[in-house]
Amino acid sequence: MKRKCSSSPTTTTTIEGKSGNGMEAEVAVTEAEVREDISPHDAGTKVPVPPSSSPASPDSKKKKRWWKFLERFGGLTRSDVKSEWNDYDATFTQKDGKGITDKEHTKDGVEKFYNLVTDIYEWGWGPSFHFSPRLRGKGIAESSAAHETRIADNLGLKPGTMALDVGCGIGGPLITIASHSGAKVVGVTINKYQVERCKARAIKAGLKYKEDFDVVQGNFLDLQFAESSIDNAYAIEATCHSPDLEKAYSEIFRVLKPGGKFVNYEWVSTSVYDPKNPDHVRCIDEINYANALPEMRRYYEIAEVARKVGFEVLVERDLAVTTNAGNWWEILKKSMKKYKLNDIIIKTLSFLRILPKETKDVHKMLYGVLGTFIEGGEMGIFSPMYMVVLQKPEA
């Protein structure tokens, strides 16, 4: 059923897309159309059928949205999925703990990764693509929200301030932090499809575009913001994708105002990790491959890099071991039956060609690494929540 739009029908938003020949195009759409973003998450759960030529009805509109989605996958046309998957697989395959060989290709590789996994993540995981310490007696959503609002509180966000979300994904944390703090949050993601999903989700949640939030496509190695123009910034499991952490931190330092803070949750190998232990090395290599990481940083490198680019380190702690919450990987163990069922569904839809054939390979990778995450957590060699609170010195 078509959603109602409370704003003026003449309000327009520009969404970047690609024409059939691959050329970039800009299309002006109403806010109502943004809410009609083509995605399986908005289109119901019935088995899709081709749209008929009969007059549009609520049911036919829903089927049409499903059919349009099936023509695309995470912003890709069906015909592109195979080449994107093959390129990703070749780029991020790694062994012996050495990371990938072609780090210059990481930017394109990460964009391909999120073209391939965004819809699967949103369907199977929700809008917040990150792990969280499991609060005792609380559920996944509550634990995730607490993990996100911790950032807003550490930054001191409030109405009238602005924060940059570095690697915002489809906007789960952006929506939580903007709603919790009253600050305007500007998201940056390398993936064009995620820009569309973030915008649609935030508007649906009741945030006002350009007033409460904004989202742009961009690379955090080359942020398109003026020097000393951003109040505060944060990143959640995003800068781990960077082939050059120093350059990423240097760019964030550049755009922050003097006195501005940056809170980051990094993926790291811990002090327990032994590069001479083959099980440790295999585990980290598998995590890197299935998550588009060029390499895994050691825990001590994070603060070292931050200080090198000019930050003061206010807080440095691994939230995986320094909170009273439960283990972050326990939710994976408890949800394996659900994820197994999801894998069967994806395989079936791929076999029937309802989804592109290679979708099953993408999901096999994501499903397979769940056990590796659990292994890394139980061995204590990996943390997805190494927190640093950094500050750019006052002028």
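User: Where is Ala292 found?

Analyst: Ala292 is found in the loop between helix H9 (278–290) and strand S10 (297–298), where helices (H or I, at least four residues) and strands (E, at least two) are DSSP runs numbered from the N terminus. The model is predicted, and for that reason local features need pLDDT of at least 70, side-chain atom pairs count only at pLDDT 80 or more, and totals for chains, interfaces and linings use all residues. Residues are numbered from 1 along each chain as its sequence is written, while side-chain values use heavy atoms, with hydrogens and water left out.

User: Why is Ala292 called buried?

Analyst: A residue is buried under 20% relative accessible area, exposed over 50%, and partly exposed in between (1.4 Å probe, protein chains only). Ala292 has a relative accessible area of 0%, and is therefore buried.

User: What is the phi of Ala292, and what is the phi of Glu237?

Analyst: Ala292 has a positive phi of about 60 degrees although it is not a glycine, and Glu237, also not a glycine, has a positive phi of about 55 degrees. These values stand out because most residues other than glycine have a negative phi. Glu237 lies in the loop between S8 and helix H8 (245–255), and with a relative accessible area of 6% it is buried.

User: How many helices and strands are there in the protein, and what share of its residues count as buried?

Analyst: The protein has 13 helices and 12 strands, and 52% of its 395 residues count as buried. Among the contacts (heavy atoms within 4.5 Å) with a separation of 6 or more, 76% are between residues 24 or more positions apart.

User: What covers the buried residues of H5?

Analyst: The cover includes helix H6 (172–181), strand S8 (232–236), strand S9 (261–269) and strand S12 (382–391). Among the buried residues of H5 are Ser143, His147, Glu148, Ile151 and Leu155.

User: What makes Glu122 and Arg197 a salt bridge?

Analyst: A salt bridge is a side-chain nitrogen of Lys or Arg within 4 Å of a carboxyl oxygen of Asp or Glu. The closest N and O atoms of Glu122 and Arg197 are 2.7 Å apart, and the pair forms a salt bridge. Because Glu122 lies in helix H4 (residues 106–124) and Arg197 in helix H7 (residues 192–204), the pair ties together parts that are 75 residues apart in sequence.

User: Which other residue forms a salt bridge with Glu122?

Analyst: Arg201 does, with the closest N and O atoms 2.8 Å apart. Since Arg201 lies in helix H7 and Glu122 in helix H4, this pair ties together parts that are 79 residues apart in sequence. Glu122 counts as buried at 5% relative accessibility, Arg197 is buried with a relative accessible area of 2%, and Arg201, at 25%, counts as partly exposed. A search of the whole structure finds 15 salt bridges.

User: What makes the nonpolar surface patch?

Analyst: Trp123, Leu341, Ile344 and Ile345 make a nonpolar surface patch of about 360 Å², an area from the Shrake-Rupley method with a 1.4 Å probe, where for residues only the protein chains shown count as cover. Patches are made of residues with over 30% relative accessible area and no salt bridge, like charges being joined within 9 Å and nonpolar side chains (Val, Leu, Ile, Met, Phe, Trp, Tyr) within 5 Å. Helix H12 (residues 336–351) gives the most to the patch, with three residues.
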